[in-house]
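Here is a friendly tour of a protein with its ligand.

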Amino acid sequence: MRPQPIARPLTEAALFMVATVPPDLSDDIRSLLGDAEGLTKAVGFRYPHAQLSCVVGIGSALWDHLSPMLKPKQLHPFIQLHGVVRDAIATPGDLFFHIRAEELGICFELARLLQARLPPGSVIVDEVQGFRYLDQRDLLGFVDGTENPDAGEVLGVAIIGDEDSDFAGGSYATVQKYLHNLTAWNALTTEEQEQAVGRRKLDNVELDEASKPSNAHVALNNIHDDGGEELAIYRLNMPFGSLREGTNGTYFIGYAKDVSVTERMLRNMFLGDPPGNYDRLLDFSTPTTGTLFFCPSLELLQRLAG
Ligand code: HEM
């Protein structure tokens, strides 16, 4: 089974589009699912340098309409968390498009064509245009993505294999749109910021164990199974927004073949590990969306199209 183009590296630009659709218009939805790859080629072929790609995800409720008899084992609505300082909220979403390219205009063109194919009554409930900031930094000023699995490891981390063979080649995408309070963040000293993240700001080197607080972002997200094996996800976060306070932040997207790994990271961040020891980043950043999607293999996408 061929996965959708998940394993690619970060690009200069990305467009994240989440839509709700009227489930009874399933013929329109199926035809959109079937044509998404062709539409991507129609745009991308003309701009080969731009490396245009699109991953399509389907939310739990829509899946139940399209394929009531057979469902990916771990596809369910995003699990809300009532956290210590912030809640990880769940927000609606039936279809998700993760569009990436080296130019935002090319992402926009594909999004426009996909939008035109949404059935009547659909609503784009969230659209975020992300950009590369400097040397892969988030708007907090830290390099984001360093500890991602490398090219040889991504498939093993993000793409389902024999553990759910009907859905081999698929992946779970968890998305959250975080808004930053940059005024409060920038009032910290660089050392305080580094303690919140767990890495040095300028040179991106991880703090040593002795100087890394247990509530640092990387400390809470560096997790292992019972055998001591590291548990990883593939993150393709992008900065977005304008200079105005409250409009900018990080669009978090994590692909996993086992979504319980992402969910454990979220529990660590919001509820804390040990409980109460929540992620210091959450004092400065608030999720305003939260949705889980299943991204089928290219073959299954065609079969869903009928
Ligand atoms: C690491 C930023 C949300 C999972 C990092 C790093 C930064 C960062 C700067 C260090 C460099 C790196 O390895 O990438 C952010 C920001 C977020 C956010 C600004 C939102 C405001 C999340 C969420 C998850 C997550 C929601 C998981 C559900 C991870 C993991 C690592 C990481 C697994 C690597 C930890 C390790 O060193 O092993 N993040 N992140 N992040 N983040 Fe996040």
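Which polar atom lies 2.6 Å from the backbone oxygen of Arg 235? It belongs to the side chain of Asn 148.

## About the model

This is a predicted model, in which local features need pLDDT of at least 70 and side-chain atom pairs count only at pLDDT 80 or more, while totals for chains, interfaces and linings use all residues. Residues are numbered from 1 along each chain as its sequence is written, and side-chain values use heavy atoms, with hydrogens and water left out.

## Asn 148 and its setting

Asn 148 sits in the loop between β6 (123-131) and α4 (154-158). Helices (H or I, at least four residues) and strands (E, at least two) are DSSP runs, numbered from the N terminus. With a relative accessibility of 15%, Asn 148 counts as buried; the term means under 20% relative accessible area, whereas exposed means over 50% and partly exposed is in between (1.4 Å probe, protein chains only).

## The ligand and its iron

The ligand takes up the space of the largest pocket. On a 1 Å grid over the protein atoms alone, a pocket is an open set with protein on both sides within 12 Å along at least five of seven lines, and a molecule sits in it if more than half of its atoms lie within 2 Å of its grid points. Two or more residues of the shell around the ligand come from each of β7 (171-180), α7 (217-221), β12 (249-256) and α8 (259-270). Helix α8 gives the largest share, four residues. By type, the shell divides into eleven nonpolar, eleven polar and six charged residues; here Ala, Val, Leu, Ile, Met, Phe, Trp, Tyr, Cys and Pro count as nonpolar, Asp, Glu, Lys and Arg as charged, and the others, Gly among them, as polar.

Of the 28 residues around the ligand, Gly 145, Thr 146, Glu 147, His 217 and Arg 235 come nearest. A residue belongs here if one of its heavy atoms lies within 4 Å of the molecule. Oxygen atoms of the ligand lie 2.5 Å from a backbone N or O atom of Gly 145, 3.2 Å from a polar backbone atom of Thr 146 and 2.9 Å from one of Glu 147. His 217, found in helix α7, is the single protein donor to the iron atom, through NE2 at 2.0 Å. Donors are N, O and S atoms within 2.8 Å of the metal (3.2 Å for Na, K and Ca); water is not among the atoms, so sites may look incomplete.

## Backbone details to check

Most residues other than glycine have a negative phi, and most peptide bonds are trans. Gln 51, in the loop between α1 (26-44) and β2 (53-59), has a positive phi of about 55 degrees and is partly exposed at 44% relative accessible area. Asn 204, in the loop between α6 (190-197) and α7, has a positive phi of about 70 degrees, and this residue is buried at 16%. The peptide bond from Asp 273 to Pro 274 is cis, with omega near -5 degrees; Pro 274 is in the loop between α8 and β13 (285-287).

Where does Arg 303 lie? Its place is helix α9 (residues 298-305), and Arg 303 is exposed, with a relative accessible area of 54%. Arg 303 and Leu 33 are 270 residues apart in sequence, with 9.5 Å between their C-alpha atoms.

Methods
A polar contact is a pair of N or O atoms within 3.5 Å; within protein, one must be able to donate a hydrogen and the other to accept it, and residues adjacent in sequence count only if both atoms are side-chain atoms. On a 1 Å grid over the protein atoms alone, a cavity is a set of points where a 1.4 Å probe fits but cannot get out, and a pocket is an open set with protein on both sides within 12 Å along at least five of seven lines; lining residues have an atom within 4 Å of a point.
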